[in-house]
Amino acid sequence: MNRSLTLKLGTIALLILLLMIPLLLIDGLVGERQRQRDQVLQDIARSASYRQQLSGPILIVPYRKTVRQWKSVAGSSERYLEEGTERGRLYFLPDRFVLNGDVRTELRYRGIYQARLYHSENRISGQFNVPAQYGLGDDIEHYQFDQAFIAVGISDVRGIGNDLKLRLNDTLLNFQPGTGSDALGAGVHVPLPELDAGQEQALAFAFELNLQGTEQLSITPVGRDSQVELRSDWPHPSFIGDYLPTQREVSGQGFTARWQTSFFATDMEEALNACVNGSCGAFQSRVFGVSFIDPVDQYLKADRAIKYALLFITLTFAVFFLFEVLKRLAVHPVQYALVGLSLALFYLLLLSLSEHLGFALAYGLSALGCVALNGFYVSSVLRSWSRGMAFGALLATLYGLLYGLLGAEDYALLMGSLLVFAVLGCIMLLTRKLDWYGVGKSPASEPATHP
């Protein structure tokens, strides 16, 4: 066995493992900068408004019910009738709920970080069909009703940007702060004129809501028939929630999305009843909407790039080793180490530049710098400008392939597998006639060339 070759390959493998130390440090720095960025985003949202969830409108009718029950006197067979009052509320979801929204996004900066806010102009309309006697039948004689109101849950009321007024049939009413319901949380409500409980009523409603928020906008489909349409200038929407849009159009200028649900799909009445009884998980989670954050930001891309660093360094060392073997050159492990360190510093350059420039530009500048540095250095190591340029060209090709892997999120594994297979095939093709037992020997007739 050629001990010189074995020692060289073992040294290269050890260098690759040692280079993982600075790569792990850079990966930790990526996570630290990302957490710092997230903290800045939270600070901006704290001073503006958080993500928004719209729940409602819901018609709420407070009541007092007279309850009579017979009770026994202790130690006696006598009984007496005790009368008490029970307080509660009746909840009615709209039969039809329609929301049309236009959403405009805006960037807010703090230092080198930025947060994306949105401003939505929503036109909300629909109709309540209140059953005769509130659906209580003859038992209604035991009830006394307080003033009914319509409540709209808004998760962060600081984002409300207009004076809210509700048009109910032909009457214009003013919203007031608070929902008046623990089930809906924060929001607004409208006290209603006295309703005639004796007959069925159709209450058509409409109002406009200008809402500011960050990150995402969620809507609870409260209607028996819910129809929602959102239009925005944001070209990278991420649709969230339990229901995807029935129709959507996404382009470089923005998106248009339409949702349509029914009580059969949402079972919203049961979820609301459970929420009134203290279990609001189902009611609060049955939402849909859109997220306005970048699908893949520079930190996530940098982190993904570092995950390919081991493969990238191994392939680069393989190319370097091929030059050494095929051209009968002797390359010192220190020279391997310097080339490897320059490859590791590429990721640090990428991280620092991407915070100030776009990721694509930062990647191009970082790759160009590393290719130029290594091409110049390897030209001296291999004692040939043509070899150095060839090495630089191969390195540039690897950087291009790595960028393709980062962009092809769904096909990254396939492309990575094909890349490794292609490199292995090239190595086997170039070394198919190589006498590996002769590699590393320095016969007197063929002295090794040292840089």
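I looked up the neighbours of L230 and found that, leaving out residues up to four places away in sequence, L230 touches L99, G101, V103, N122, L217, I219, F255, T256, A257, W259 and V290, where contact is heavy atoms within 4.5 Å. The model is a predicted one, in which local features need pLDDT of at least 70 and side-chain atom pairs count only at pLDDT 80 or more, while totals for chains, interfaces and linings use all residues. I number residues from 1 along each chain as its sequence is written, and side-chain values use heavy atoms, with hydrogens and water left out.

I then turned to the largest nonpolar core, which has 63 residues, and noted that L59 and L230 touch the most other members; such a core is a set of buried Ala, Val, Leu, Ile, Met, Phe, Trp, Tyr and Cys residues joined through side-chain atoms within 4.5 Å. Strand β1 (residues 52–72) gives the most to this core, namely six residues, strands being DSSP runs of E with at least two residues and helices runs of H or I with at least four, numbered from the N terminus. Another core, of 55 residues, lies apart from it and has Y113, L343, A344 and L398 among its members.

Last, I checked S354, which lies in helix α7 (residues 333–354). S354 counts as buried because its relative accessible area is 3%, buried meaning under 20%, exposed over 50% and partly exposed in between (1.4 Å probe, protein chains only). The side chain of S354 reaches the backbone oxygen of L350 at 2.9 Å, and S354 touches Q298, F359 and A362, again not counting residues up to four places away in sequence.

Notes
Polar contact = N/O pair within 3.5 Å; in protein donor to acceptor, adjacent residues only side chain to side chain.
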